[in-house]
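Got a minute to look at some open spaces and a helix pair? Here is the model to keep beside you as you read.

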Amino acid sequence: MRQPGRLRSILGGSAGNLVEWYDWYVYSAFTLYFAPAIFPKASATAQLLNAAAIFAVGFLMRPIGAWAMGVYSDRHGRKAGLTLSVTLMCVGSFLIAVTPNYAAAGWLAPALLVLARMLQGLSVGGEYGASAVYLSEMAGRDRRGFYASFQYVTLIGGQLIALGVLLLLQSLLDATELEQWGWRVPFAIGGLLAIAVFRIRRGLLETESFRNAAALGIPRTSRFALFRDHPRAAWTVMALTAGGTLAFYAYTTYMQKFLVNTAGMGRETATRVMAAALLGYALVQPLAGALSDRVGRKPLMAGFGILGVLGTVPLFLTLETVRSPLVAWALVTAALVALSGYTAISGVVKAEMFPAHIRTLGVALPYALANTIFGGTAEYLALWLKDAQAERVFYWYVTAMIAVSLVVYLGMRDTKTASLIAED
């Protein structure tokens, strides 16, 4: 494929991924405002626990979405899978935007929120695998790590835009207005953006890997082929994901609430700290991806594992008493830079482990399972432990899971030199 066509496809796929993850993360960014409207009156922590439980429900749907849309993408093409995922996300976002308050609809309000997050969970379950495979297959062999890293650039970008919308609304509306109706605005924006992405994705090129597999008549994937035919690769993806995804949600989505609930920062200050840290984090991804093209994928993942094991507990202990937003930003940024050794290349590492006819399912399903078990429960577990006055147990839990993944990183082959993506 010519370089201009390749770049257009990568940019088009990345733009869609950005909007998908904006829609997903805006829920977390605005939890502090919509929780009082959607749930019965209770303590702030109890309302956040309810919202976090529904956040986890969305994660429970991700393996189902990964399985169904992974098979769909391997059978009908990466482009078809990407288009279907954004359609589901669009419906879920609009549904949240129009969900009535608890005072008006009672338990129907949280029930509709659950339904919307289930649709979004299906969407994101398929999105991760389809976008990781699409970017990895579209990239050339020598720059695969660099281009595939844009999956997390746009993933983080979606989170940044969600925080940016939050900052903007915080500057335009007071807390009462945000809690009454302002929290609906970002979900409506997400639905409109998803419509635009639907049009973009319908115009994407299909990958050469999928076309070649189809032309050669390679048997199409089946619903139960992954763990039957590729058990070692599938379990490896689950194990290498566990520590990385738990650290990601601990250092990003939960961190904003930690700075408010535990460090005692104002909501606006915590939002600004996280926005600045996430911006730096996004900029580091291509650098880490490019480095993996030179030195291999394994050294970066091992580097994250070592730093994560040594640094997670000191990070949270220090942040418990931090009062300076600048110091908080520096600490969170340092943690995210270390995490980049996993996030920048996690998609391409997984894609390089599977043949083309089952690649999307192979990336999506084991990742979604690990992501649901460890990432989707991270925020709820942390808040539950805080409510039980045992929050520090969470720090050691994150450390232990990173250690498990580190063992996997050290024992696996470097996928840069053992890649199953045959095309240049």
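This is a predicted model: local features need pLDDT of at least 70, side-chain atom pairs count only at pLDDT 80 or more; totals for chains, interfaces and linings use all residues.

Residues are numbered from 1 along each chain as its sequence is written, and side-chain values use heavy atoms, with hydrogens and water left out.

The search runs on a 1 Å grid over the protein atoms alone: a cavity is a set of points where a 1.4 Å probe fits but cannot get out, a pocket is an open set with protein on both sides within 12 Å along at least five of seven lines, and lining residues have an atom within 4 Å of a point. Points are joined across faces, edges and corners, and volume is the space filled by probe spheres set on them.

| Space | Volume | Lining by class |
|---|---|---|
| Largest pocket | about 360 Å³ | eight nonpolar, four polar, three charged |
| Second largest pocket | about 170 Å³ | nine nonpolar, three polar, no charged |
| Largest cavity | about 70 Å³ | five nonpolar, five polar, no charged |

For the classes, Ala, Val, Leu, Ile, Met, Phe, Trp, Tyr, Cys and Pro count as nonpolar, Asp, Glu, Lys and Arg as charged, and the others, Gly among them, as polar.

Of the 15 residues lining the largest pocket, Arg-232, Ala-233, Thr-236, Met-353 and Arg-413 lie nearest its centre. Helix H13 (231-251) gives the largest share of that lining, three residues. Helices here are DSSP runs (H or I, at least four residues), numbered from the N terminus.

In the second largest pocket, the largest share, six residues, comes from H16. Its lining includes Phe-304, Gly-308 and Leu-331.

The whole structure has two cavities of 30 Å³ or more. Among the residues lining the largest cavity are Tyr-25, Gln-159, Thr-253 and Met-274.

**H14 against H20**

The axes of helix H14 (residues 253-261) and helix H20 (residues 378-387) come within 10 Å and cross at roughly 20°; axes are lines fitted to C-alpha atoms over the stretch in contact, with angles from 0 to 180 degrees between N-to-C directions. H14 and H20 are therefore roughly parallel (angles under 35 degrees). Thr-253, Tyr-254, Lys-257 and Asn-261 of H14 meet Glu-379, Ala-382, Leu-383 and Lys-386 of H20, with contact meaning heavy atoms within 4.5 Å.

Methods
Helices (H or I, at least four residues) and strands (E, at least two) are DSSP runs, numbered from the N terminus. Angles under 35 degrees count as roughly parallel, over 145 as roughly antiparallel, 65 to 115 as roughly perpendicular and the rest as oblique.
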